[in-house]
Amino acid sequence: MNKQPYYLTTAIAYTSRKPHIGNTYEIVMTDALARFRRMQGYDVYFLTGTDEHGQKIEEIAKEAGITPQQHVDKIAGEIREICDLLNTTYNGFIRTTDPAHTKAVQDIFQKLYDQGDIYKGEYVGKYCTPCESFWTDSQLVEGKCPDCGRDVHDAKEEAYFLRLSKYQQWLEEYIEAHPDFIYPESRKKEMLNNFIKPGLQDLCVSRTTVKWGIPVPFDEKHVIYIWIDALSNYITALGYDAAGNHGELYNKYWPANVHIIGKDIVRFHSIYWIIMLHALGLPLPKQIFGHPWMLFGNDKMSKSRGNVIYADELVERFGVDAVRYYLLSEMPFAADGSITYETMIERFNSDLANTLGNLVNRTVAMLHQYFGGEIPSAEMLADAPDAEFDADLQAVAEGTAARVAALLDAFRVSDAVEAVMDLARRCNKYIDETTPWVLAKNPDAKPRLAKVLYNLLCGIRCIGGLLMPFMPETAAKILAYTPDAAPCAEEESFARCAVFGGLQHGAVIGEAKPLFVRVNADALLAELKAAEDAKAAAAKAAEQPPVEPFAEEIGIETFFQSDLRVAKVIACEKVKKSSKLLCLQLDDGMAQRQVVSGIAKWYQPDDLIGKKVLLVANLKPVKLCGVESCGMICAADLPDGSCKVMFVDDGVPCGARLH
């Protein structure tokens with residue numbers, strides 16, 4: 001059979017740090033869509049990978065004392081491990097440090113330069129290192145990066161530019177003529193109204209102050225800036241060749257059916273990438289879908305905020321399919337999703353353990369209890385009377401597949417998952433309507449009991465098939481309880497989900513085993529809190545700056561040569577000839593004395609008046625900036641270069657000696 005090709009991609013993950021659970025939503029969502037298309041009979045190519053160049057990576061590697069290549073090798077390995085851990089079925093995994101990608105990107109840059117779409121100029125403006133983005137003053141939001149809200153710094157350097165402005169009118173007309181090209185509608189309006197129609201500025205596409213990148217082929221003091229490098233992965237991974245001698249994968253799969261990306265990078269894909277392709281004379285992707293973010297509660301996840309959850313930690317506690325289910329069911333179509341351990345536990349117990357797990361477990365248990373685990377014969381079913389509940393259950397089951405397909409076509413993944421759970425709820429309701437435990441008490445009702453359990457198995461069979469894109473391991477366990485009389489190939493398996501019936505009569509199925517065991521919420525949350533507290537304590541200890549080595553040992557008599565007394569600050573003012581000195585008037589319990597201290601950088605006079613301090617009372621008087629100082633007050637030096645005056649409890653009288 002000649003299958004129709006279907007090419008879908010994720011954005012490639014930036015190799016700065018280990019990705020958190022919010023970063024992994026995209027790969028799981030794309031995997032669900034890839035599995036769905038394979039079940040429909042498409043020849044799917046699913047691409048993901050890693051973005052490995054840029055200033056941020058250069059700086060992180062330098063701080064760690066390793067090369068950028070060593071750093072990205074480590075992080076790329078972690079990213080791939082997470083993709084595999086979450087049971088994603090990618091066909092290609094590209095790294096932008098791959099030699100073939102490097103060569104193709106240089107050829108793309110050269111071609112755009114040769115045809116006049118790239119030119120040399122000078123960049124003057126603002127630069128955000130975390131986002132690897134240049135901005136003009138007018139684009140900043142309250143002086144900060146409009147994408148991440150972080151500080152920007154002045155940048156001025158020679159650079160090459162891509163002529164975006166040349167293609168503005170064409171791009172605007174193309175998007176208007178293809179209303180589903182950028183999806184959903186809100187993302188399209190944002191691109192047109194906020195970025196394209198106000199006027200496109202030419203894009204800086206090289207750097208001279210960054211070394212970790214692909215060199216410009218004809219000017220090696222420049223490296224190719226992130227967007228031409230990173231965005232080109234969608235074609236270089238397929239064997240794109242600037243001379244037109246494309247690889248087999250490119251000829252088969254390009255243009256992409258859809259780029260699945262986060263909402264924060266829709267601009268780069270729908271403007272920069274599309275103009276690049278158009279300038280190269282290449283077909284455009286059919287669609288760009290910008291999904292929302294997965295938040296921690298109401299906040300964006302950030303290591304600096306301490307609100308990061310990692311996929312491997314969740315999998316260890318809940319299992320792969322439970323994590324996939326939560327990610328796919330909890331992310332709305334156009335609004336941000338949210339994850340906390342509390343909501344994860346709630347979903348696990350209510351949806352997976354109760355609604356789904358309990359349905360399968362008690363249906364299989366009843367089949368073993370009443371029929372020895374054997375699927376009833378066609379003859380027994382033929383003798384069974386029908387009931388109105390039967391037809392309704394069958395209609396819901398057969399209609400769910402079409403409903404799921406329509407929702408996935410529109411990228412409404414959470415709604416598609418909910419549709420499958422609605423079928424599970426309908427099956428549970430069918431049990432309550434038919435009361436099989438009551439039928440089992442009447443020998444004459446055995447055919448009817450057989451029909452009820454067979455119908456339940458048929459409904460569960462539909463659920464198992466429809467869960468395959470979302471929860472493949474769980475789906476396989478369910479389908480093992482519902483063997484088909486005529487098993488179908490993968491490319492026909494989605495159509496099979498709409499068939500109510502066709503089970504293998506007489507087959508004996510395995511004993512019921514819980515798909516999901518309820519979690520004790522209080523115990524798990526207490527365990528998680530203890531683990532987080534221990535992790536925070538360890539992190540704090542690791543961040544603690546080294547203590548200055550102690551001085552050589554002295555005898556007690558040497559210590560007592562310093563006369564340390566408690567004194568009260570009764571007046572204080574700045575020394576006129578110095579920006580560092582304060583002049584303090586102290587009550588030392590016997591008289592008033594004057595002390596000059598170099599603490600003006602950290603204290604105002606009013607901060608000290610009325611406070612009690614430790615005074616070294618027997619120092620010889622000295623003059624500082626012409627002002628006499630009779631003693632010294634005690635202060636501690638801090639790791640950041642500041643100091644803290646050692647204040648004394650107000651209940652200690654002036655003149656009291658420190659022993």
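Author: Ile-554, Ile-556, Phe-559 and Phe-560 make a nonpolar surface patch of about 380 Å². A patch is built from residues with over 30% relative accessible area and no salt bridge, where like charges are joined within 9 Å and nonpolar side chains (Val, Leu, Ile, Met, Phe, Trp, Tyr) within 5 Å. A salt bridge is a side-chain nitrogen of Lys or Arg within 4 Å of a carboxyl oxygen of Asp or Glu. Accessible areas come from the Shrake-Rupley method with a 1.4 Å probe, and for residues only the protein chains shown count as cover.

This is a predicted model, in which local features need pLDDT of at least 70 and side-chain atom pairs count only at pLDDT 80 or more, while totals for chains, interfaces and linings use all residues. Residues are numbered from 1 along each chain as its sequence is written, and side-chain values use heavy atoms, leaving out hydrogens and water.

Helices (H or I, at least four residues) and strands (E, at least two) are DSSP runs numbered from the N terminus. Ile-556 counts as exposed because its relative accessibility is 56%; buried means under 20%, exposed over 50%, and partly exposed in between (1.4 Å probe, protein chains only).

Now look at His-222, in strand 12, residues 219–224. His-222 has a relative accessible area of 0%, so this residue is buried. Leaving aside residues up to four places away in sequence, His-222 touches several partners, among them Lys-120, Glu-158, Tyr-160 and Arg-207; contact means heavy atoms within 4.5 Å.
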